Each structure stands twice: as C-alpha cells, then as structure tokens.
Amino acid sequence: MTEVRILLCDDHAVVRAGLLALLGSAPGIEVVGEAGSGEEAVATAAKLRPDVVLMDLQLGPGIDGVEATRRITTTLPGVRVLVLTTYDTDADVTRAIGAGATGYLLKAERPEELFAAIHAAAEGRRALSRVVPRDRAPALTHRELDILGQLARGLSNREIARALFISEATVKTHLGRVYAKLGVDTRAGAVAKAKEQRLLP
C-alpha cells in the first residue's frame, strides 16, 4: 500500500507531538513535515508537496486555517486539505469547505476515524465528522461570504463592488448564487438566513 504523506499544521506544539505519535502507528501514513502557522503551512506544503495537509482552523497570529487552506488548494491542486479542529459550527464548516478543504474532522473523533478520513482525503473523497450533517446546504465560496458580509453592513451593489475591487455585474452574479444557495430572494432575507446559519462573524 502506498503511504499517504502528511503535513501537520497546528499552532500548539503539544498537539502536533500527539498527532505525530498517533500517526506514527497508523498503517499507510507517513508524517513528512510540521507547521505551526498558516503561512508556514503554505510554504511547507509548496516545498514538500504532501498528499494531505491536516489543518487546524485557529492558528494564532497571521492567516487562519481557512485562508491557508484556500492558498494551498489554489496553488497546489494535487495537495488535499483535511481540517482537524475543535470547532463544529455551520459557519466554520461552510468556510472550510468553501475554501477547498476535502474533509472536516473534529479532534474528538476516534483515531480509526482520523486514519480513515486521511486515506479518503488522499483519494479526493469527502470526509466529514459524524456530527457534521451530510445534507448541508451548498457551501458559500470565500467571495460569496465576503459579499454577504458587505451586504450585512447595508452596502449597495456599487459600494460592495468598490470595496471588493470587482464590477457591479460580478456582485450581481455572486448575489444571485448566494440567494440560490440560501433559498432566499431578497437582500434582507439573505442577511437574516446568514445570521440564522451563523455564516457571519
């Protein structure tokens, strides 16, 4: 069996040490590197080209796990990202999957679940914790979440376009997709639904 090459990213050295010890006993898995920050994860992934990056969401100062995931999946299409975190809110899951994460796992899962999720992620298959609903609404992209945030501030399409350095036509296109994904047809409805689903900070 070909070994899955893993890069660990967590800002807590003790957590990384624990994962290193745990994964060292797992069949078909090899840890090839560690990172303590989002920026370090992006740079190390580019250097080592692992099969899977185990990514925490909260990483202290600098970019968070979602942004690190986005950069890795955008620039390194062959590298999968499996989020491993303690956070299980709808907003966190939506943002991570929207950023390109192949899977989302909670640290409370059993080791066997983690091993299986790693192998699934390496093969490009979606791996979700049992507590994460499989029938979740389509994830909003990073840009759609940006626009939703501006919408919640009461900005017009023209103001949103100016704030995000995109055209008004692009704003309208994204808003149409946001409405469709949230199942609404008005700006107020989108903001209300986003708050209900905890999609806004």
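Which residues are buried in helix α6 (residues 142-152)? In this predicted model, the buried residues of α6 are E144, L145, I147, L148, Q150 and L151; buried means under 20% relative accessible area, exposed over 50% and partly exposed in between, with a 1.4 Å probe and protein chains only. An α-helix has 3.6 residues a turn, so residues three or four places apart point the same way. After α6 comes G154, with a positive phi near 85°. Helices (H or I, at least four residues) and strands (E, at least two) are DSSP runs, numbered from the N terminus.

Residue numbers start from 1 along each chain as its sequence is written, and side-chain values use heavy atoms, with hydrogens and water left out. Because the model is predicted, local features need pLDDT of at least 70 and side-chain atom pairs count only at pLDDT 80 or more, while totals for chains, interfaces and linings use all residues.

The sheet comes next. Six strands make up an open sheet with parallel pairing, in the order β2-β1-β3-β4-β5-β6; two strands pair if DSSP finds at least two bridges between them. The edges are taken by β2 (29-35) and β6 (127-128), each with a single partner strand, so one side of each has no neighbour in the sheet. Strands of a sheet pair through backbone hydrogen bonds, either parallel or antiparallel.

Strand β4 (residues 80-85) is largely enclosed by the rest of the structure, because five of its six residues are buried. Four bridges pair β4 in the parallel sense with strand β3 (residues 52-55), where V53 stands opposite V81 of β4. Four bridges also pair β4 with β5, again in the parallel sense, and here V83 has Y104 of β5 as its bridge partner. Strand β5 (residues 103-106) runs parallel to β6 and is joined to it by two bridges, with G103 opposite A127 in β6. Within β5, G103 and L105 point one way, Y104 and L106 point the other way, and all are buried.

Contact means heavy atoms within 4.5 Å. Helix α3 (residues 65-75) contains R70, which is buried, with a relative accessible area of 15%. Leaving aside residues up to four places away in sequence, R70 touches A99 and H142.

Helix α8 (residues 168-182) packs with helix α9 (residues 187-196) at an angle of about 55°, their axes lying 10 Å apart. Axes are lines fitted to C-alpha atoms, for helices over the stretch in contact, and angles run from 0 to 180 degrees between N-to-C directions. That angle makes α8 oblique to α9, since angles under 35 degrees count as roughly parallel, over 145 as roughly antiparallel, 65 to 115 as roughly perpendicular and the rest as oblique. L175, Y179 and L182 of α8 meet R187, A190 and K193 of α9 in the contact.
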